[in-house]
Amino acid sequence: MASQAQKRVNAVVSRLIPPLLLGVTIYASYAVTKPLCIDYLIHPLPSYNRGSRVGAGAAILAIYYVLLIPMVVTYLRLYYYVLWNPGYLPLGAQRLQDDENEKHSKRSHPKRRRRRGSSRKAPDPEKTQQPEEDVERGVLASAGNDPYQLDFSGLEKFYSKDVFVCQEDGRPPWCTTCCIFKPDRSHHCRELGRCVRKMDHFCPWVGGVVSETSFKFFIQFVFYTTLYCSFTLIVLAYFTAELRRQTGGANPHWCVCIGLAALFGFFAAGMTLSSVQMALFNVTTIENLNRHSVTLDNRLSVGPNLPNGLLPPATPSTPDRPQADASTGEKHVFAILHTLPGENPFDLGSPFKNVQQVMGYSIADWFLPIKQSPCADHSSMESDFALGPVVTRLKQEAGLVPHENGNGATTQSAT
């Protein structure tokens, strides 16, 4: 787990790298525009002893800036969402109270805290007397050593959905650091100390955490960066080889930019392929780490009564009794169904449909950094995210929905 010092270092580095990238882009633009296109192609310096090639210089400038503009725009769009709409989940009441008490204690006794800070320091919610413990463990696994009491006030929003991923006791996963029940596909970012909706990874190159609000723009950015770096690398390498054949020398600005373009280009190409692969399978980088072996418990609303033959979970702490809707007073019964190892309930069964959940439903959405990803819309009453054939099969096997035969007709499962 990341310490407080590591978190501060990560925050500082994530703020320093974007200006560095800006400086690299400005320098590359100078090297292509002035030393290459103007001083070598359009108006060659006397030292080159060659005629002008206005057409080639103008074409290179046009293509270069056509590729530069979408790269910069997608990065600014990505950077905006990473900073101002990163997808953080609100902190729990107990966590907020603890933070406020800690601030008040620092203001009231600053000298004593500096002198006896090690003995008066509040316990870190991510650390226990035992070996490292996952802050995202289930309620039953962590409640005994949790420094905070479970806050059940946030469960109503989960029970309003027909389907959500739960722990063995039927409740959503509990974060012992943020003191909240975590919605589907949310993860705790240890670098920032916050839970994030559909977190993909923490990326200092873009200034923070990439999540459902920014993953689309991240894919667009690394894609356009790959095109931009590839073009810059090819053009500068070609004219550097030409200059060496004619004069035996090389322009230092071109050589530096060749190295930078190769470095960032290969990195961006790898990230593009990896990110597109994640979108094709509708998983995040975190989910992909164990997607071939993990099993998920899915809690499904089956109405006011269980169908005949479907038994409630046997775990004593599982809320197999009907849950009341706070707004309507209507009671619902939930069934907990288990996926097989490697099954993804959010895989829509088609790579194209999976990509649409991230990139959008039109070609313009795929290439223009305007609209957010459809998966960032959680207004559906069925689930926070669109569900695929795995959930349909689980419902059919449990007798919650009728089976379809080969002719398209439906048949009710025997109970």
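Let's start in a loop. Cys-179 sits between strand E2 (174-175) and strand E3 (180-181). Its phi is positive, about 60 degrees, and Cys-179 is not a glycine. That deserves a remark, because most residues other than glycine have a negative phi. Is Cys-179 buried or exposed? Cys-179 is buried, with a relative accessible area of 2%.

One caution before I go on. This is a predicted model. Every value you hear from me is computed.

Now move along to the loop between E3 and strand E4 (187-189). That is where Arg-185 is placed. Arg-185 also has a positive phi, about 65 degrees, and is not a glycine. Where does the side of burial fall here? At 7% relative accessibility, Arg-185 counts as buried.

Let me step back to the whole protein. There are 415 residues, and 45% of them count as buried. The secondary structure comes to 13 helices and 13 strands.

How confident is the prediction? The average pLDDT is 83, and 78% of the residues score at least 70. Over residues 113-148, though, the pLDDT is below 50. That stretch still has 60 contacts in the model beyond near neighbours in sequence. A further stretch is residues 308-321, where pLDDT stays under 50. There the model has 22 contacts beyond four places in sequence. Please keep both stretches in mind when you look at the picture.

Next, a sheet. Which strands form it, and in what order? Three strands make an open sheet, in the order E1-E8-E11, and the pairing is antiparallel. E1 and strand E11 (334-338) stand at the edges. Each has a single partner strand, so one side of each is left without a neighbour in the sheet. From one strand to the next, the twist averages 30 degrees.

Strand E1 covers residues 163-166. Val-163 and Val-165 point one way, while Phe-164 and Cys-166 point the other way. Why the two directions? In a regular strand the side chains alternate between the two faces of the sheet. Here, all four of those residues are buried.

E1 is joined to strand E8 (residues 297-301) by four bridges, running antiparallel. How many bridges link E8 and E11? Five, again in the antiparallel sense.

Arg-299 lets us walk across the sheet. On one side, Phe-164 stands opposite Arg-299 in E8. On the other strand, E11, the bridge partner of Arg-299 is Ile-336.

Stay in E8 for Asn-298. At 2% relative accessibility, Asn-298 counts as buried. What does its side chain find there? A polar atom of the Asn-298 side chain lies 3.5 Å from the backbone oxygen of Leu-296. Then there are the contacts outside four places in sequence. Asn-298 is in contact with Val-163, Phe-164, Val-165 and Cys-166, among others. The list also includes Ala-335, Ile-336 and Leu-337. Thr-339, Pro-345 and Leu-394 are in contact with Asn-298 too.

Now the helices. Helix H8 takes in residues 215-247, which is 33 residues. How far does H8 reach from its first C-alpha to its last? The span is 47 Å, close to the 48 Å expected at 1.5 Å a residue. Just after H8 comes Gly-248, with a positive phi of about 80 degrees.

Inside H8, look at Thr-226. Thr-226 is buried, because its relative accessible area is 16% and the cut-off is under 20%. Which backbone atoms does the side chain of Thr-226 reach? One is the backbone oxygen of Ala-268, at 3.4 Å. Another is the backbone nitrogen of Ala-269, at 3.2 Å. Leaving out residues up to four places away in sequence, Thr-226 touches Gly-265, Ala-268, Ala-269 and Thr-272.

One last stop, helix H9. H9 covers residues 252-281, and Cys-255 is placed in H9. Is Cys-255 buried or partly exposed? Cys-255 counts as partly exposed, at 38% relative accessibility. How far is Cys-255 from Ala-237? They are 18 residues apart in sequence and 8.1 Å apart in space, C-alpha to C-alpha.

That's the tour. I'm happy to take questions.

Definitions and conventions: Residues are numbered from 1 along each chain as its sequence is written. Side-chain values use heavy atoms; hydrogens and water are left out. Helices (H or I, at least four residues) and strands (E, at least two) are DSSP runs, numbered from the N terminus. The expected span of a helix is 1.5 Å times one less than its number of residues. Buried means under 20% relative accessible area, exposed over 50%, partly exposed in between (1.4 Å probe, protein chains only). Two strands pair if DSSP finds at least two bridges between them. Axes are lines fitted to C-alpha atoms, for helices over the stretch in contact, and angles run from 0 to 180 degrees between N-to-C directions. A polar contact is a pair of N or O atoms within 3.5 Å; within protein, one must be able to donate a hydrogen and the other to accept it, and residues adjacent in sequence count only if both atoms are side-chain atoms. Contact means heavy atoms within 4.5 Å. pLDDT is the predictor's confidence in each residue, from 0 to 100.
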